Every structure is written in structure tokens, then in C-alpha cells.
Amino acid sequence: MPSTEKPLSSTPPLQQALTALALHAETLIQTERERDWMPLMRNKAFDLSVHDDAKDTELKAYLDAAERRLQKGNVYRAGQQLQATESVFLLDGMVKLGESNVIIGQPKVGKSSFSTGLIAALRDRVPQFLGRDLATPNERMPVLVFGTDQSEGDWLHLLRRESLVAEDQTLKADSVDFFCSMETGEQYNFTKDGIRRMREEIEKHQFPLVIIDSLSSMMEPTGIEENTSRYAQPIRNAISQLRKTGATLLVIHHSVKRPTTWDWITECRGSSSISSVFSWGVLMRWVAQEEDGLARIDKRVGFAGKGRGGNESGGVMGQYMPEGGWTYLDGLEEAQKVERAGQRIMELGGVRASVFDYLTLRTGLNADVSVEELATELDKQKGHVSRELRALKAKGLSIPVRAEETGSRPRIYWMATPAAMEWCLGGSEPGSNRSIGSLSVESIKSNKINSQDDTSVLPSNSINPKTKVEIRRGDEWANGFIVRDGSNPDKISVEKIGSPMVTISNLRWELDVRLCQPEPVEAQPTDSFDF
């Protein structure tokens with residue numbers, strides 16, 4: 001007679017309880033707040049009598065595994081069509097549409113001002129912003145600002161300057177759809193609960209621009225140290241969740257204090273894992289690195305974008321105006337040349353440094369110099385000096401400007417390059433594109449004046465300090481200088497008004513320096529020379 005007893009289950013009771021615990025984790029993630037997950041998992045483990053076998057470490061592992069199961073990515077096989085589309089730029093070379101973008105910038109360089117300026121440009125539907133094409137959508141693009149890095153009062157200053165708020169401080173409906181400041185940091189952040197609240201708010205709008213300022217304030221509630229590799233995981237999770245809304249994300253983060261390159265990946269503050277999260281980033285930094293603790297004179301800001309696979313965009317240079325709004329100045333190529341020249345100059349030493357110093361001294365007087373003159377001045381052999389000049393040329397610091405026939409081998413005359421001279425003079429006028437705009441490759445090559453051939457009538461006495469003077473720059477006289485040391489009229493030293501650190505020495509009266517004139521007197525142009 002067949003037995004009526006049920007067969008014993010092949011699954012041990014402990015394994016059945018742990019499976020039920022894993023399924024319970026999926027239910028919690030979908031229905032409960034993140035802060036309640038662990039207490040509810042402990043309760044379930046106690047109910048299943050496995051609380052001695054499933055400690056907090058195992059419970060958290062169940063929750064992490066449940067999240068991964070619920071957030072499966074797309075998998076394709078041969079013959080199946082990929083669903084993604086190639087990304088396009090909202091702001092050419094700077095902000096990608098529908099992607100996660102990161103802005104890395106120095107402290108107080110204007111990262112928040114850039115974001116509010118972009119909002120104003122989208123509202124006004126201008127064709128370009130900072131010299132780059134702005135692809136404004138046919139329909140108005142909603143804007144959400146999670147500004148948890150600053151107080152509401154600080155944000156109000158920025159919003160008012162771009163006319164994003166009315167006179168009564170009401171958010172304009174055509175500018176910003178949602179805004180929160182520092183005081184909401186406990187509600188909106190990169191914890192799981194915070195991301196869920198952010199996503200709920202973003203999903204109320206269709207394909208919005210979402211500005212997150214800043215990454216560090218969003219990550220603070222997670223309690224993870226910025227320099228650890230674990231720092232990237234909540235960021236990756238946030239971007240994965242928020243991108244599903246179709247939003248264009250603009251995340252603001254800090255750079256190191258004094259960047260030395262134009263690569264945001266190199267200059268990004270914190271763990272190197274941060275840069276692996278974002279597909280596109282832009283570095284914002286001051287064009288001129290001035291001394292800390294002093295009022296900034298040069299307020300030009302450079303923007304350089306870079307993505308995966310070495311994909312880069314030519315940088316731009318702009319300046320935020322005192323009355324509000326960004327103005328486009330120029331491309332970034334010349335400023336980058338000056339910086340590279342400065343890095344190479346700082347590496348010089350020995351005879352090469354002496355050759356370069358004398359070369360810049362003569363170039364500052366708009367005079368070229370021959371190998372013979374350099375060899376005599378430095379008490380070196382001509383062959384040694386020639387090698388050093390060629391090495392400086394390879395570094396982009398010197399340039400041959402003319403050749404003089406001697407009956408055998410031509411005598412070559414040299415000058416320092418414009419980039420080298422700009423770095424040596426240091427700084428620039430606020431808002432200008434170049435420190436010494438009158439010095440260009442064309443003017444250097446066209447210069448055939450050798451100061452040794454010039455004569456002048458020297459004054460019989462010294463020049464009083466603080467006397468306002470003009471100095472010769474190419475074929476023109478430039479004012480804005482005062483005498484620092486005029487005891488020897490053949491070796492006058494001057495300084496730039498307002499910038500006493502910018503000095504030029506060994507100037508000769510009426511050849512290189514003169515009293516300020518009521519009207520600028522232009523020198524006769526010289527014949528052009530192509531070397």
C-alpha cells in the first residue's frame with residue numbers, strides 16, 4: 001500500500017529562511033524608505049529565526065544584491081539593435097544634452113555664476129553663450145537647481161544678477177521651475193532616500209536641465225571620505241537613477257587649489273574614481289595664476305572640455321562682468337601656449353637660463369640679438385650659445401627673426417617668442433586677451449632694428465623716480481609706466497602703474513623710454529622680413 005506521507009523537502013529550513021529574507025529585501029527596496037531598510041530586515045530575520053545566522057553585514061549584502069537585481073541593464077545579442085543614441089551638445093563643447101556633465105573649478109572662479117548664466121541664455125534663447133553654439137530646444141527647457149552648497153541668501157545674489165527672480169524675489173516661471181538651497185541638504189542628497197526624492201521632483205518635468213551644486217554637499221550625508229574609492233559608488237547610483245528621467249545633468253565639483261594643467265581629470269579634487277563616473281567634463285580655472293591673499297587683477301576664466309577616448313574641445317576664455325553676465329573674450333589656445341612656455345621656463349638652468357634671460361632682456365627693448373653678441377656677453381663659445389638657442393627654439397621660447405649677409409655664413413638674429421615674453425612680464429590688464437598685445441610673431445619677425453646701431457642724446461642729469469613715462473613697444477609707444485630707478489639715463493628701470501611687480505630694466509632715454517606725450521607719436525615702420 002503506497003505511503004500517504006509527504007516527502008521531506010530537499011531544501012534545508014535554514015536555506016528556505018534565507019531565501020525568504022532575500023525576497024523580502026526586494027520588497028523593502030520597492031516600498032519602504034532607505035532609512036527603514038535595516039531595521040525591517042532585522043525584524044524579518046528575527047521572525048524567520050535566522051537572526052543568529054544573518055548579522056548586519058549579511059543583511060546589507062542582501063539589500064545590495066536586491067538593488068542590483070532590480071536595476072538590470074540592457075543586454076544585447078548578435079542581430080539586436082542598440083537602443084541608445086549618440087550624444088549631442090546642448091552647449092557646444094561644454095554641456096552634453098541628456099548626459100551627466102561635471103564642471104570642475106577652482107574656489108570662487110565662478111562655477112555657480114556659469115550655471116545661472118546658462119539658465120539665462122536658455123531663457124533668452126540666445127544662439128551663443130561664451131562664444132559657443134547653444135542648441136535651444138523648440139520647447140522651453142525646464143530648469144531645476146539643487147543648490148545645496150550655498151545658503152538661500154547667497155543664491156539670491158546670483159539669481160538676481162541674471163534676472164532669474166522678480167523684484168519681490170519670486171522665481172520667474174520662464175527661468176527656474178524648481179530651486180532648493182543649503183537648508184534642504186538633508187532632504188535632497190546622494191543617499192538612496194535623497195536620490196529617490198530628487199528623482200520624484202525631476203520626473204515632474206520633461207527633459208529638464210538639472211543643476212547640482214555641488215557634488216561634495218550631495219555626498220556629505222553619505223559619510224564617505226572623498227579620497228576613498230567608495231566615494232564614486234553613490235555618485236554612480238545617483239547618475240544612473242537621474243538619467244532615466246531624460247534630464248541633462250550638470251554637476252559642479254571643486255578642483256585642486258592651484259591647477260597646473262587644463263585637464264579636468266587631472267585637476268579633479270578627491271579620489272580618482274570620481275572622474276570614471278562622468279562621460280564628459282569641463283575644467284574652469286583662472287587663466288593667470290596670481291599670488292594667494294592678494295586682490296585678483298586678471299579675472300579671465302578659461303573653460304576646457306574633455307570626454308572619454310581623448311575626445312576634447314578647443315577651450316574658450318571668458319570673464320564674468322561686475323554687473324552680471326559672462327562675456328566671451330577669445331579662444332584658449334594662446335593662454336595655453338603662455339602657460340606651457342612658463343612651465344618650460346621654470347625648468348631652465350645653467351647656461352641655457354642665462355641665454356634666455358639675456359634674450360628676454362633685449363626682446364623687451366624690441367631688439368634682436370646675434371649669437372656673437374650673446375657669446376661675448378656671457379663669455380661662452382659661439383657653438384655652445386648656438387646649441388642653447390636651438391634648444392630654446394625647440395621648447396617654443398626663442399625664434400630666429402632675421403639673417404644678415406656676411407659674405408659666408410649668414411649671421412642669425414634671435415628674439416624671445418611672444419608666449420615667453422607674456423609669461424615673463426606676468427599678468428595682464430583686467431579683461432584683456434594678452435599681456436603684451438603689441439608683441440606678436442609677425443611684429444617680431446618684421447623687426448630688423450638692432451639696438452646697438454641706435455644713437456640717442458642722453459639727458460645730463462638723472463630722471464626723478466615716479467615720473468610718468470612711455471616705453472617703446474614695437475613701432476608704438478605704450479604708457480602706463482613710472483620710473484623706478486632713473487639714476488643712470490642709460491639704464492633706466494620702470495614699473496607698471498598698479499602692478500609694481502612688473503618691472504623692465506636697462507632702458508635708454510629717448511630710445512626705449514621717454515616722458516609721456518600729449519599725443520602718441522608712432523615710429524616709422526620697418527621693412528618686413530620673413531625668415
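## First stop: a helix pair

Select Leu18, Leu21, Ala22, Ala25, Glu26, Ile29 and Gln30 in helix H1, and then Leu59, Tyr62, Leu63, Ala66, Glu67, Arg69 and Leu70 in helix H3, because these two sets meet, where contact means heavy atoms within 4.5 Å. The residues of this contact of H1 with H3 divide into ten nonpolar, one polar and three charged; here Ala, Val, Leu, Ile, Met, Phe, Trp, Tyr, Cys and Pro count as nonpolar, Asp, Glu, Lys and Arg as charged, and the others, Gly among them, as polar.

This is a predicted model, in which local features need pLDDT of at least 70 and side-chain atom pairs count only at pLDDT 80 or more, while totals for chains, interfaces and linings use all residues. Residues are numbered from 1 along each chain as its sequence is written, and side-chain values use heavy atoms, with hydrogens and water left out.

Now widen the selection to residues 13-31 for H1 and 56-70 for H3, which pack at an angle of about 60° with their axes 9 Å apart. Helices are DSSP runs of H or I with at least four residues, strands are runs of E with at least two, and both are numbered from the N terminus. The axes are lines fitted to C-alpha atoms, for helices over the stretch in contact, and angles run from 0 to 180 degrees between N-to-C directions. H1 and H3 are therefore oblique to each other, given that angles under 35 degrees count as roughly parallel, over 145 as roughly antiparallel, 65 to 115 as roughly perpendicular and the rest as oblique.

## Second stop: two loop residues

Then select Asp213 and Ser214, which are joined by a cis peptide bond with omega of about 15°; Ser214 itself is placed in the loop between strand S8 (209-213) and helix H7 (215-219).

## Third stop: a pair with another angle

Select residues 192-202 as helix H6 and residues 232-243 as helix H8, whose axes are 10 Å apart and whose packing angle is about 25°. H6 and H8 are therefore roughly parallel to each other. To see the contact, show Lys192, Ile195, Met198, Arg199 and Ile202 of H6 against Pro234, Asn237, Ala238, Gln241 and Leu242 of H8. By class, six residues of this contact are nonpolar, two are polar and two are charged.

Which residues form helix H12, and which form helix H13? H12 covers residues 371-378 and H13 covers residues 382-394, and their axes come within 9 Å and cross at roughly 115°. H12 and H13 are therefore roughly perpendicular to each other. On the H12 side, select Val371, Glu372, Leu374 and Ala375, and on the H13 side Lys382, Val385, Ser386 and Leu389, which together make the contact. The residues of the contact of H12 with H13 comprise five nonpolar, one polar and two charged.
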